[in-house]
There are 4 protein chains.
Amino acid sequence: MTSTHAQGKNIEPLEIDDIMSPGVIDAQISPRGTLEMLSQWEVERLRNIEDSKLYELFRRCALAVLNCDDSTDDASEVYARYADFSIEISQRARGIKLILKNAPACAFVDGVIMNGVRDHLFAVLRDIVFMSGDPYALADRGLTPQTDALGHPTTAASDSRPAANLVFNMLRNARLLRPRAMPKLVVCWGGHSISRDEYLYCKSVGYQLGLRGLDICTGCGPGAMKGPMKGATIGHAKQRNRDGRYIGISEPSIIAAESPNPIVNQLVIMPDIEKRLEAFVRVGHGIIVFPGGVGTLEEILFILGTLMDPANKDLVIPLIFTSGASSKGYFQGIDAFLVQTLGEQVRQYYTIIEDEPKAVAIAMREGMSQVTANRRKGRDAYYYNWTLHIPAEMKRHFKVSHESMSALSLSQQLPASELAINLRRAFSGIVAGNVKDFGVQMIRNHGPFKLQGDAEILAAMDVLLQGFVADGRMKLGGKAYNPCYEIGL
Amino acid sequence: MTSTHAQGKNIEPLEIDDIMSPGVIDAQISPRGTLEMLSQWEVERLRNIEDSKLYELFRRCALAVLNCDDSTDDASEVYARYADFSIEISQRARGIKLILKNAPACAFVDGVIMNGVRDHLFAVLRDIVFMSGDPYALADRGLTPQTDALGHPTTAASDSRPAANLVFNMLRNARLLRPRAMPKLVVCWGGHSISRDEYLYCKSVGYQLGLRGLDICTGCGPGAMKGPMKGATIGHAKQRNRDGRYIGISEPSIIAAESPNPIVNQLVIMPDIEKRLEAFVRVGHGIIVFPGGVGTLEEILFILGTLMDPANKDLVIPLIFTSGASSKGYFQGIDAFLVQTLGEQVRQYYTIIEDEPKAVAIAMREGMSQVTANRRKGRDAYYYNWTLHIPAEMKRHFKVSHESMSALSLSQQLPASELAINLRRAFSGIVAGNVKDFGVQMIRNHGPFKLQGDAEILAAMDVLLQGFVADGRMKLGGKAYNPCYEIGL
Amino acid sequence: MTSTHAQGKNIEPLEIDDIMSPGVIDAQISPRGTLEMLSQWEVERLRNIEDSKLYELFRRCALAVLNCDDSTDDASEVYARYADFSIEISQRARGIKLILKNAPACAFVDGVIMNGVRDHLFAVLRDIVFMSGDPYALADRGLTPQTDALGHPTTAASDSRPAANLVFNMLRNARLLRPRAMPKLVVCWGGHSISRDEYLYCKSVGYQLGLRGLDICTGCGPGAMKGPMKGATIGHAKQRNRDGRYIGISEPSIIAAESPNPIVNQLVIMPDIEKRLEAFVRVGHGIIVFPGGVGTLEEILFILGTLMDPANKDLVIPLIFTSGASSKGYFQGIDAFLVQTLGEQVRQYYTIIEDEPKAVAIAMREGMSQVTANRRKGRDAYYYNWTLHIPAEMKRHFKVSHESMSALSLSQQLPASELAINLRRAFSGIVAGNVKDFGVQMIRNHGPFKLQGDAEILAAMDVLLQGFVADGRMKLGGKAYNPCYEIGL
Amino acid sequence: MTSTHAQGKNIEPLEIDDIMSPGVIDAQISPRGTLEMLSQWEVERLRNIEDSKLYELFRRCALAVLNCDDSTDDASEVYARYADFSIEISQRARGIKLILKNAPACAFVDGVIMNGVRDHLFAVLRDIVFMSGDPYALADRGLTPQTDALGHPTTAASDSRPAANLVFNMLRNARLLRPRAMPKLVVCWGGHSISRDEYLYCKSVGYQLGLRGLDICTGCGPGAMKGPMKGATIGHAKQRNRDGRYIGISEPSIIAAESPNPIVNQLVIMPDIEKRLEAFVRVGHGIIVFPGGVGTLEEILFILGTLMDPANKDLVIPLIFTSGASSKGYFQGIDAFLVQTLGEQVRQYYTIIEDEPKAVAIAMREGMSQVTANRRKGRDAYYYNWTLHIPAEMKRHFKVSHESMSALSLSQQLPASELAINLRRAFSGIVAGNVKDFGVQMIRNHGPFKLQGDAEILAAMDVLLQGFVADGRMKLGGKAYNPCYEIGL
């Protein structure tokens, strides 16, 4: 396995709103709404020098949000380019202000910050402050303070209840949950590095969803995370739907590689990838998957591993895999991989629709009726899927390292549900090695991760991954891709 | 000191909206807004049988809120009358529901709950749930669960920081704080048991405040707590002010004696009287005191003891004592008492205006400009008076008992600020003995509290208290008043 | 028949919001909303010196609206007191402004106009401008310009179609009609000069209506026109109903005697009394009549004469006569008069409910369901009662004069429906003689009107009118009443 | 001069929202808002069989609006394709309904009409009804009823005052005028038949305008009328601007050729092209012209002929001509033509900016500040440019015919301002011959229009027109263009 040049498809070109404004800007930013209100203690906690890890976390997320027009997915490059960037919190009569120094100019229009970006900045602040008061939120990030917000000694808990609690609490605190609303939130997954044609297809599906009153939730980066939102914006405008929701769910270690698009009108930063994935499936009412790379595979394995759990047998979650004419066959490949590894029965959980945006939207709208009936029958809330049972191991944070990666058991002896969990971890590790700052550094220092397991599984993975490399799905920018993994065939 | 018949003034008669509907009703209630969203764990915590004290707290507050048209201030009578009342929380697809059994019929119009009362019910739920997740909130109520919301062992903290944090957190959670708004919230204090003429005077002042765009915050019971809100409602209507705020701040042990009027459009239940008093002075921008009884004195001493603290010397808080023609001289008596006990310098903190509703409103409006300038200069928030220093002892919860009452040092040897703290406690104890359920039972079982101290102070208190008794300010209903205290002259 | 002193009942005293501020004020007033936009030609038309009658009409209505706290019902007194008052229209970048000189100070709070009054001023402007463009609107007022808004020669039309068109057009132009809303508008009629107890009863009924989500429409003066609105304001506040409607429908010759209360949040000035009465019955969904004087009788005869028309036999209009304990028997007297003059069958059109605010409100709410069903069945709009047939003679403007009054045929030979029309005219004339400026001057110059007809009818009228005089229902102020009519018994 | 094939540029391809749904649909449509309320007489007037011209006008405009996804600009083709289409008005309890038969399916999503189209339908109804009540509105369309809405005999007036009145009255009736708003409405003119690159350039300019809070007003068809709105929609979304305005101003004879895009959120149908052009310059605060064909020239001549009038010398109206890289030189050609015909001084009224979307937007934003100052200084309204003097001949409706076209004096002897008027008429006639139903039929029956005049002027026109033909700017669809005119060189 050697380095390969991305080939084939032309990568999605910059659109009118992607023109990069070079340079940096200093500015003072007030929140627009009335949401972001901090107590003196919360401000102090963030400012606290000893707690510098927490501040750095905030600074990096803020930078990612400001760097909204960037076309790189290399977090360390972003951090390096804006090494001088600083952000400070100041208390004023009408509320707090953020004092920015050397912020990326692309977030500003004629020197004034875009309202979309401003909202994202305060969303980041809100979520970091919230995490900082919850010992479970930061434990796995090595950021646990000695005492929590209330001064208790913080001892990491081992059961999953508080963690689930945390997902709910963070989403509620972010006002993402809306009790009265009927099911209509569609989670769209797919690659950040896709071709122009694939991008237009995502947009087209988003447009059809928007015409039908459906809202969009994505990981809020470029590519398949942006297209559906743009399409839905036009669909909503034609339907005079002023309350269209474009929800972005990110996490600190990915946000710099996938800067939220300013169209996103509700942004949440979850503490880690597992809680981010849980958030998607708790608030979404249906899921559409577009072509993507390893991150997309991680998402697919998360939802399939969960749906295969017997506890979820009565649950309805519409799951559609769809691609445009230009990527015909992509999901045949995915389908083959899933059947090879998880068995034939996995097919009952998803539908593949090729090159039919309208059919996808109609199927999803009908899925929503079924979800509504299912939730009512199960006395479950529309706004949060309490009933869904996510296996504890699926939720547990997987700490990526060379050791943990090579220790993963990828054996056909395992029950399908356990194998799904380990496969997800494997792909999660490759995402980290590709684009997350800490992962990229691990690879730079210690070489590629080594994956081991049954030959058949490894072969299936190899086929899949080589395809991703060939299609340029691993990284943005069209540069040669240097794999961060070795498959021990 | 013997029992005395209330005389003189005619007690405020029932108004059109006070007609009591007898009987009870069963009903299922959904929240109107989108605020009240509970996690499964929060619902469980309230339902938990072992935590029955918490549930009972919730049930009693809910009952108080439903009993909105009542004319009694006797909590135990209310609890006894509706002994069968029950309330249950149920999770549904669109959010939670409250299942009521044997609820007071006066909260309903043709079998449908009044929206004002419905909002209050869910405000109670919101606040009790919030307290239940905070060890500091319930510690003093003997309700501390073994572990907190996150499963930590709960050890009562002794410093005041988390408690202040709690006041802020509860108000923020109740969405009472509005960062963008200019200072315009007037706290109105005064008696719940006042004459018709005094009531009309309060209403008239409220009307003039309302015409000038000022909002009202009171303890949300009858009398001086209701009058200003009703007047302001008409003033706001004439000014087409649809966003008028009528904020009620209560606490579990007083709410049954002072059921919130349904006009109150934001209700908060603070854990105890000290946090309730702190909440008033943190969110209010100015204070008007109308004639009242011991509770009113407690309030006056709380704010004066605080303002006299040297740390607050640069702070601006407009404080006006005002009464109508029919109560002329009332504040002369209060003034005399304050000077006798706290010294001449206390006078610099308040202004007395007699029988001039318009003058009161104009003075308050001008005070608001000064508050605005003062906050801006001090970089303090408009929405929360961070800078105000409340002495730690003033904030500390005073546990009323025969022992604690007779142990109070009421000596002129004490610095004025310390004496103010103890005097407040003394009056707080008398309030409890008059109308709070646990206090009334203490008196029934063990006789009146005994107060001791310097003769001069005790004499001043005696004059004041006898005046209150004579004016019928101690209790509603015009029945003979049986003092719950003895002054050890 | 001689002059009599008003006796008996104590006249409704001034309330907190009726405190008169003496003096006058100069001010420039901008509209608050976006409604009031005039073309240059419309402004010119009003400014036009030759068209001074139109300007004077505007000036007088504006003065009436500004004189919002007045306790007189004597229009000429009001005009005399503010003889210096002037109002001018000025075009500005952001819209028009009104320049006031010597305006009554009572409309202002600390020098700033009350928003309620401001809205009324611009409502007056809107309606006068609209009338000025419609030849039918002003024809009967002797104000017909030579050419209409479009430059056509204006020839008074004789058929009633354009007039009805005019009622609809004016109400639509005033945005009073709301297509989506369900039937819930209750017209309240009754005296402007009533006792305190009667006032409180009106308020109490209004409160019960407000609690049930019903809106109020009145003639927008004092007494029975104000009470229901105040009560409903409190009822709506308790139900968190921020969209409560308090509609006032007036006309130029009565407005000075019955200044709109600033609570009125939609004001319309119809061209004359007949169109005002038509407006009430077209937009209202039910009618409640409280005790009153001759104006109230005029209203009763208008609706009964209309309902008795065979064309309306399938129509549902709930009509309730109600009075409080203090006026027990009042409606027995009215009932007797109606049966004597219009016959027994008139009773089927109304219900009398005594001293039961809640029962009145419940009956009205049930009436609304019937109206809803009836309109749907008849394919009639909820927002405008197209189907109601108002007899042409009932709609035709009755020009009050000594000649027209004595020419009225009040004979039992006439069919009941025709007699109702003439009786209404007779009472209409007495209203004019009592409080309308032109009528008061007629009486001053030529003595009382003389009414002639069948002895039995005249006797019945005499009994009724003497009762009104005795009860102080003819005029405000408690002064001796000098009858403006003679009954030719 | 012979027929020529459109060449060169690739015509703007269909976008995701242009996918045509074939077939027809029957449906009943209610209005969404509360605006559209008709009196019985207004409904009757439209239904009236004798007034069939008026109904046909309504039917055709409604059809044009429903045909929202069409890619033809051939009105007669549209009318022929949907010959069976009918529309009826029905009165219901909650308001009126439109009953559609055989309506174009493209206006519907899964059988339900798009809200954007629904709003347009009721806007058409509102405007046709309004015109039908105004004799001036329909006079020139040969639609004048014998009597107007009020029954007056209708005699066409000759002065321009009522016509201007009509423009204002129609815009006010359509609620297009917003008194409080600051100047920010940018009129965008340009071709309906443009290349993909030109379209993207328009969109890019619209995006930059949207980011700066500016609103868009166009003729509401495809091409340069759609691009800026789509771009602004994304710009507004990123700025969280939910009140972005996308105003479309059309007229009955062009609407079928330029169906409004459903993004348009305020649509007005003016009676004819002259009033449409007047509406643009009265409500717009600045104008941007993109490349286009004869219609664009007509627009340019209208504004320049007006600005050159000495009465407007103190007026500020920012006027920018701009084109993208792919159309470089286009405005050099226009500039040359303008200088040749109207003289060098015409250049002072416009600025040419090439290929700089951001610069265009910044210049326009700065222009807005100047407009604001200019209006304030001139005491002119922001919402309607009263001060602008449009020469009477420019406003007068030009009735296109072979006679009127060949009678046009195109002589350099004429003052520039008169020549501008006649040139505008010449281009207006060519637009009619190209795409308006009546014009196309004239040409079909009688051959091309013949234009005569000074050789130099005609030569300049010839160069320009041949360029338009070569660039495919005359007609959509890429078919051979058959000129509707002959230039008598």
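Two strands pair if DSSP finds at least two bridges between them; helices (H or I, at least four residues) and strands (E, at least two) are DSSP runs, numbered from the N terminus. The model is predicted: local features need pLDDT of at least 70, side-chain atom pairs count only at pLDDT 80 or more, and totals for chains, interfaces and linings use all residues. Residues are numbered from 1 along each chain as its sequence is written, and chains are lettered from A and ligands numbered from 1 in the order in which they are written.

**View 1. Strand E8 of chain A and strand E9 of chain A.** E8(A) (residues 215–218) runs parallel to E9(A) (residues 246–250), joined by three bridges. A:Thr218 lies opposite A:Gly248 of E9(A). With helix H8(A) (residues 227–238), the two strands form a right-handed β-α-β unit; right-handed means that, with the strands pointing away from the viewer, the path from the first strand over the helix to the second runs clockwise.

**View 2. Strand E7 of chain A and the faces of E8(A).** Three bridges pair E7(A) (residues 185–189) with E8(A) in the parallel sense. A:Leu185 is opposite A:Asp215. From E7(A) the chain passes through helix H7(A) (residues 196–211) to E8(A) in a right-handed crossover. A:Asp215 and A:Cys217 on one side of E8(A), and A:Ile216 and A:Thr218 on the other, are all buried (20 or more other C-beta atoms within 10 Å of the residue's own, C-beta atoms being placed from the backbone).

Conventions: A residue is buried if 20 or more other C-beta atoms lie within 10 Å of its own, exposed if 12 or fewer, and partly exposed in between; C-beta atoms are placed from the backbone.
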